[in-house]
Amino acid sequence: MSVAFQRVGFIGLGVMGEPMCRNLCRKAGLPVHVHDIHEQAVGRVLNDGAVAHQSVRDLAGHAEVVFLSLPSIDHVEQVCLGVDGLLSGERKPRLIVDTGTSDVARTRALAVRLAEQGVRFLDAPVARMPEAARDGTLLIMVGGAQEDLDAVRPLLDCMGSDVVLCGGTGCGQIVKIANNMVLMMNVAVLAETLLICERAGIDGKQLLDVLSTGSAASQALNVVGIRALAPREFSQGRFSTAYALKDVSLAASLAEASGVDAAILARTRELLQSAVAQGDGQAYFPILINQIATK
C-alpha cells in the first residue's frame, strides 16, 4: 500500500472504533499507535499488531495522522487541544481525522484552531451498522480539502467501502447528521405504524415483511424494523438511545440555525428524551416505541 503517512494513530476503541482500528491494523501494513481509557479494548487490538500508548500526548509523538472515534465534540476538542492533548507536546500529527458525529459549527472552529498550529483536519464521520465497521464496509462522509482526502484515502479504504467527499470542512458532519436524522425519524414513523397495525389485529412481523416488498421499503424498515421493532429486541451494544438523542439534538440545532420548523424531528427528539429519562439510554434506540405505546 502506497500512503502519504507511515505512522498512524487511533484514539477511541468503542463499538465502532475498535473494529475500525482492527481493520486498519490488519490492512494498512503500517504500525498503528492506539490509546483508549479502557484497557480491555486496547488489549484486544494489540492482538492485531497495534502499539499501545498510555496517554494522548505520548501517542501524538509517534503518529503523523491520527484518527479519532469519540463520543462527542467535547471529547474531540479535549483530545486535540487539552493540556495533555495531541498538540501539547513537541511533536504533533500533521493531520487529524474525526470519524465521530460532531457539532458542525464547533467542528469548523476546531479546524481553524488546528490550522493556526500547522495541523490539517478532516471531519469524516462514518455510517452503517457495527457489522459494517467489522467488515470494513462503512460509508465515510468527508469534509475538508481534496488533497488531504487524497493523502489519507488509502487508510480510509481499510475501514470503508464508500468514501465520499461531501464538501469543505463540516460538510461531512452535515451529511452524517442528515443520515441519522432521516433514520431516527423513519424509525419513529415505523414504530407508530407498527403499534397502530398490531392493535388493529395484524402480526407485526408479517406487516413489516409485506411492507418491505412495496413502496414503503427502506433500510430502516428492512434492518431496524424487522430485526428490532417487530420482535422488541433492544439489547445493549448497538447504537444506543443516548447516542441517538445526541445526534438528533445536533440535527435540531442545525434545523434551528437554518430557520426550518422541523416538527417531525422535534417529535422524534421528544421520544428519545423520554426513553433516556426512563433509564433506557444504553438500550438500542428503537426502544423509543415504548414511549409511543404508553401514551
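Which residue forms a salt bridge with aspartate 148? The partner is arginine 120, and the closest N and O atoms of the two are 2.9 Å apart. Aspartate 148 belongs to helix H7 (residues 146-156) and arginine 120 to strand S6 (residues 120-123), so this contact ties together parts that are 28 residues apart in sequence. Here a salt bridge is a side-chain nitrogen of Lys or Arg within 4 Å of a carboxyl oxygen of Asp or Glu, while helices (H or I, at least four residues) and strands (E, at least two) are DSSP runs numbered from the N terminus.

The model is a predicted one, in which local features need pLDDT of at least 70 and side-chain atom pairs count only at pLDDT 80 or more, whereas totals for chains, interfaces and linings use all residues. Residues are numbered from 1 along each chain as its sequence is written, and side-chain values use heavy atoms, with hydrogens and water left out.

**The annotated span**

The UniProt record, an unreviewed entry, places the feature "domain: 6-phosphogluconate dehydrogenase NADP-binding" at residues 7-167; UniProt positions follow the numbering used here, feature names are shortened, and annotations may be inferred rather than shown by experiment. Residues 7-167 are 39% helix and 24% strand, and the end C-alpha atoms of this span lie 27 Å apart.

**Salt bridges**

The structure holds 16 salt bridges.

| Pair | Closest N and O atoms |
|---|---|
| Arginine 106 and aspartate 74 | 2.5 Å |
| Aspartate 148 and arginine 120 | 2.9 Å |
| Aspartate 162 and arginine 128 | 2.9 Å |

Arginine 106 forms a salt bridge with aspartate 74; the former lies in helix H5 (residues 104-116) and the latter in helix H4 (residues 73-81), so the pair ties together parts that are 32 residues apart in sequence. Aspartate 162 forms a salt bridge with arginine 128, and this pair links distant parts of the chain, 34 residues apart, with aspartate 162 in strand S9 (residues 160-167) and arginine 128 in the loop between strand S7 (126-127) and helix H6 (130-135).

**Accessibility of the partners**

Residues are called buried under 20% relative accessible area, exposed over 50%, and partly exposed in between (1.4 Å probe, protein chains only). Arginine 106 is partly exposed at 32%, and aspartate 74 is partly exposed at 47%. Aspartate 162 is likewise partly exposed, with a value of 32%, and arginine 128 is partly exposed at 43%.

**A linked group**

Salt bridges also join Glu18, Arg22, Arg26, Arg44 and Asp48 into a network.
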